[in-house]
Amino acid sequence: MPDKRTDDQSAPARPVSAAKRTRDERDNFDTQGDDYHSELPPHTIDNLAASLPESLSVPIEVTFGPRRSVVAADRPSFVAGNGIETTRIVSAPSTHTVEISTPAPTRAAGASFAIESLSRADAASSVRRDRIRTENSSAPESASMLTSDRLLAVNRKTRKAPQGVWPEFVYALTLHLVNLGDSAKVRAYKEMDERIRRQFDGGTRFVPILTRKGGVGKTTVTTLLGMALADARDDRIIAIDANPDRGTLSERVSKQTRSTVRDVVTKAASIGNFTDFSTLVSRDETRLDILASDTDPLLSEAFDENDYNVVADLAARYYSIALTDCGTGIVHSVMRATLQRADSIVIVSGGSVDEARLASETLTWLEANGYGELVRNAIVAINTATQGTNLVRLEEIEAHFRSRVREIVRIPYDPQLAAGSVVSYKDLKPITRLAARTLAELVVEGLPADRNL
């Protein structure tokens, strides 16, 4: 009988299955102590260990092929009668169930840091996803939320060309490869635009422009303020000439209609939409709408508190901000209706002694008649184009008003304003436009953002 062991040694080597390698490695570990034999390099073992959890218990069922003979580990061999050493043969079961429990491996510093970073990132992503789901479910976004700044990725194709002398020069010289961004002056201009564009909730904001003395530039200040607001904002701005003594506000823009506040009062019942109302106003290049006062002195006396309320109610339907160019006096009935609706006021003062004194007396009258809150939130516009300005110290006038109101703005001399004719906003001096924008920014800052709060 040929020797079986000799046949096994001479037979070609058969591929070893993964299950057998696992069992052999376990046997070697049990019999040889703590020596761990692996075909993997050390760094691979560390990486694999670092990716394992603290403990692992996985049931594995392995199916073997034909039955084979194995030596029972707990049974000794014996010698048969013919002198040939024989081993006791046992049948291997068809399946094995092995439970592998791995101790917590010693992780490398880099692997530990990477795993902790991934855990934190997964947690942040989960929180972000939950927050987005909550926001979407509780308060659906409106179409206005889909802005270009939110949706467009900032890159060479979508980033806007810079503004400013030096940034534009570099941008053109490098064939649009280097974009330094806007200059400091342009950035300041855009930031002011954003402040002027502040949105409101709860209805139209009314801002009267008034003083006790005529001829100090109320109509000029109303025109500049309205143009600055309309030029920067995206909503509708209207300036109402409520002067019962024949105002001239409509003469500061190109007239597109001969309608006046009297026509609005007469046709109020038939005005059903903005298209109907827009036929009664004149619009300039900045999109400022102006509603003229009565041109007939006999009719102008009839424009009273009730008429103003009709006009103001219609304006409140279609406009976000309504400016009111008040008359020379402050005791007529129209002034009472104007102040009752006012959210903020602009007091106009000239640069002479008597003009400054009368403007201050206007503040005193308002405080005495229950409008102290309006006075504290008021803005004083000092028109430096009036006579006598060069003979007084404007700093002292400003110091006086600063103790009583919120802000003071100087309106510089401009030939276009001094002419008293149609005003072209883009043709004003830069310093005049800056003063108008500053006044608009301060007015918007003092208006309540939400009346419901």
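Strand β10 (residues 288–291) is covered on both faces: Leu288 and Ile290 are buried on one side, Asp289 and Leu291 on the other. This is a predicted model, and the protein chain comes out with an average pLDDT of 77. β10 belongs to an open sheet of 8 strands with mixed pairing, so that sheet is a handy place to start.

**The sheet**

- Going across, the strand order is β9-β10-β8-β11-β7-β12-β13-β14.
- The edges are β9 and β14 (407–411), each of which pairs on one side only.
- Helix α16 (residues 394–402) packs on this sheet, where it touches β12 (346–350), β13 (379–383) and β14. The direction of α16 makes about 150° with that of β14.
- β7 and β11 run parallel, with 5 bridges between them.

**Around β10**

- On one flank, strand β8 (residues 237–241) pairs with β10 in the parallel sense over 4 bridges. Here alanine 239 has isoleucine 290 as its bridge partner in β10.
- Strand β9 (residues 282–283) is antiparallel to β10 and joined to it by 2 bridges. Serine 282 sits opposite isoleucine 290 in this pairing.
- The β9 and β10 hairpin has 4 residues between its strands, and arginine 287 there takes a positive phi near 75°.

**Helix α13**

- In helix α13 (residues 333–341), the buried residues are Val334, Met335, Ala337, Thr338 and Leu339.
- Their cover includes both strands and helices: β7 (205–210) and β11 (321–325), along with α12 (305–318), α14 (353–368) and α15 (372–376).

**Aspartate 307**

- Aspartate 307 lies in helix α12.
- Is aspartate 307 buried or exposed? Its relative accessibility is 12%, so aspartate 307 counts as buried.
- Leaving out residues up to four places away in sequence, aspartate 307 touches Arg262, Val265 and Ala302.

- Of the residues in the chain, 67% score a pLDDT of at least 70.
- Residues 1–13 stay under 50 in pLDDT, and the model gives that stretch 2 contacts beyond four places in sequence.
- Residues 29–40 also have a pLDDT below 50, with 8 contacts in the model beyond near neighbours in sequence.

Notes. Residues are numbered from 1 along each chain as its sequence is written. This is a predicted model: local features need pLDDT of at least 70, side-chain atom pairs count only at pLDDT 80 or more; totals for chains, interfaces and linings use all residues. Side-chain values use heavy atoms; hydrogens and water are left out. pLDDT is the predictor's confidence in each residue, from 0 to 100. Contact means heavy atoms within 4.5 Å. Buried means under 20% relative accessible area, exposed over 50%, partly exposed in between (1.4 Å probe, protein chains only). Two strands pair if DSSP finds at least two bridges between them. Axes are lines fitted to C-alpha atoms, for helices over the stretch in contact, and angles run from 0 to 180 degrees between N-to-C directions.
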